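Welcome! Please take a look at the protein below, and keep it in view while you read.

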Amino acid sequence: MAELDTLDIIVLAAILLGTVAYFTKGKLWGVAKDPYASSLAAANGAKAGKTRNIVEKMEESGKNCIIFYGSQTGTAEDYASRLAKEGKSRYGLETMVADLEDYDYDNLDAIPSDKVVMFVLATYGEGEPTDNAVDFYEFINGDSPQFTSDNEPALGNLNYVAFGLGNNTYEHYNIMVRNVDKALEKLGAHRIGAAGEGDDGAGTMEEDFLAWKDPMWKDLAEKMGLEEREAVYEPIFGIVDRDTLTAESPEVYLGEPNKTHLDGTPKGPFNAHNPYIAPIAESYELFNVKDRNCLHMEVDISASNLSYQTGDHLAVWPTNPGEEVDRFLNVLGLGEKRKSVISVKALEPTAKVPFPTPTTFDAIARYHMEICAPVSRQFLATLAPFAPDEASKAEMTKLGGDKDYFHEKINVHHLNIGRVLEIVGKGKKWSNVPFSVFIEGITKLQPRYYSISSSSLEQPKKISITAVVEEQKLPGRDDPFRGVSTNYLLALKQKQNGDPNPSPYGLTYEITGPRNRYDGIHLPVHVRHSNFKLPSDPLKPVIMIGPGTGVAPFRGFVRERRKMVENGQAVGKTILFFGCRKSTEDFLYCKEWEEAKQIMGDSFELVSAFSRENGSKVYVQHRLKERSKEINELLEKKAYFYVCGDAANMAREVNNVLAQIISEERGVPEAKAEDIVKNMRASNQYQEDVWS
């Protein structure tokens, strides 16, 4: 027999190794499973060990009601969780909450008719599905979605419920839930109750949700033969004291998002499940006046796998201010236990613990819970049975049950949970409330998204953002309501520029991060790709409307085209309409526009509008109307039209003015002009990046 050469030995060894692996399932060299490995698995798109078959999942876990969510900022996920808890406690349903991206949809036809599927779907941006709902939306709205059986109609067995989250300042208001509802009905599915719609633009999202769900439950109970019972709190999560561990123990999470961050070796891909701790390359204030200031911040992504395109968004992962963390823990009687180590365990198989454990009460409140967000009326009703005395219980019951009273006492003041408990309890500790109630009832702290104000052509490895530091003075409240993320950014800017103990507006933040990993000059981030983009043809004219920090993506656009000109490339007409209060106060990037003009010549023009400079208030829409003839001519040359900023007022008025311009300049009825504008939107010739 011929001797085996080296290659033969390697091949045989590989085959042997594969055979052993197959029959032992890797147990011979397996390592202990990280209890929070799901974070990193999600970060890498892996769902190891989890079935993507929803029917199989419901059967193995004994569920008869699944609530799917499509969520971008966490609100839809929160509503889905609330529906699951209420369905179980009030009607005895066996509920589970499910992320749409975790499952396949071709077997929706196999869900038995004695079970129900709920869809809680947010509409993102200009009528787009949220990131986790893209595949589902494309599947269900496809020309002929393929299911596992040949049922006729395809989804004749499916009973479903639908609620949408939208914003009426956008043209495609709640289009996600409307289109999904239409597609499901077309496929033969049976909707139970009305399809609900919440309106963030009108500020009525919470009340819209509450008004929808009560008749929905009544219809569902009738359809499925359910009997309502007295709702009793049943925890989804168990809290276990870990007395053998301290906050210094290496296995204790102090705010790290997953195991690789805990080990100090974070790995990509960096995304919505796994942030990159980016060095802050530069930060400064663009203006600083009595009641407002604005930041420019640049982060370095050169040591990561992150990339971006001009027009994308940077997601910033904030932390809560120390004052509110202290307030929250103290009112619960946990101030002295803040560094105590606990584990949080799911008490039912489909529940997901929303942060890694073991951890501390301080880390949960600081890094993982939206404790600064305005509190919901339904959550106050949940807390009433655990009140420290009868007077507090009666007040919480009234606040939870009386919409007008809640609005007057809580909503208009934007009170968070810690402040409400302080006021209602009149200084008494709410130590009777199981901590699991807060884990289940308070939304997970979400990243904040900022339009990127740099050009990837000019600086591919550095990302800049532009942010006004937010505060809102409210009647009947001593201190202003302050934005969590922008004040956190201001503290980082102060630290990066030499202040050893920054405290913007008296607020302090753990800017050094868990275990000093951020050291005050790093920021957890990821990139979210956007469809808000310059035309692929650089010769196309562009018209940009961006007052205030709405100018952020247009700084990136202008710098992109400026760089093209520097590289010897021709570009089309580039007009920017920028508005602010005064030319001497908040004129963002004033010198940069002058430099762009010198380099780009006649291809670039800045049109400014100052609302507080003279007696009359001049806004960008006024300047746009003044240039009617030129704007129409550019549009007839297929110019791209962009708007960024306030959706409720500015963006809506710009839309109306544009229709007026087209009507007057082309001599067509205003209804026809409005149709032209709608067609521009549909073809991406008109793009918006707006917020309410």
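The notes that follow go through a sheet, its helices, a cavity and some database records.

This is a predicted model, in which local features need pLDDT of at least 70, side-chain atom pairs count only at pLDDT 80 or more, and totals for chains, interfaces and linings use all residues. Residues are numbered from 1 along each chain as its sequence is written, and side-chain values use heavy atoms, with hydrogens and water left out.

**The sheet**

- Five strands form an open sheet in the order β21-β20-β19-β22-β23, with parallel pairing; strands are DSSP runs of E of at least two residues, helices are runs of H or I of at least four, and both are numbered from the N terminus.
- Two strands count as paired if DSSP finds at least two bridges between them.
- The edge strands, β21 (604-610) and β23 (686-691), each pair on one side only.
- From one strand to the next, the twist averages 10°; angles run from 0 to 180 degrees between the N-to-C directions of axes, which are lines fitted to C-alpha atoms, for helices over the stretch in contact.
- Strand β19 (residues 542-545) pairs with strand β20 (residues 574-580) in the parallel sense over four bridges, and V542 has T574 as its bridge partner in β20.

**Helices across the sheet**

- Helix α18 (residues 590-600) lies across β20 and β21, at about 155° to β21; contact here means heavy atoms within 4.5 Å.
- Helix α21 (residues 647-666) lies across β19, β22 (640-646) and β23, at about 155° to β22.

**The cavity**

- The structure holds one cavity of 30 Å³ or more; a cavity is a set of points on a 1 Å grid over the protein atoms alone where a 1.4 Å probe fits but cannot get out, and lining residues have an atom within 4 Å of a point.
- Its volume is the space filled by probe spheres set on the points, which are joined across faces, edges and corners.
- V558, R559, R562, E592, W593 and A596 line the largest cavity, with α17 (552-566) and α18 each giving two or more residues.

**From the UniProt record**

- An unreviewed UniProt entry annotates residues 273-521 as "domain: FAD-binding FR-type"; such annotations may be inferred rather than shown by experiment, feature names are shortened, and positions are given in the numbering used here.
- The end C-alpha atoms of residues 273-521 lie 22 Å apart, and the span is 29% helix and 20% strand.
- Under "binding site", the unreviewed UniProt entry lists residues including R292, T549 and V620.
- V620 is found in helix α19 (residues 620-626).

Notes: 1 Å grid on protein atoms, 1.4 Å probe; cavity = no way out; pocket = protein on both sides within 12 Å on 5 of 7 lines; lining within 4 Å.
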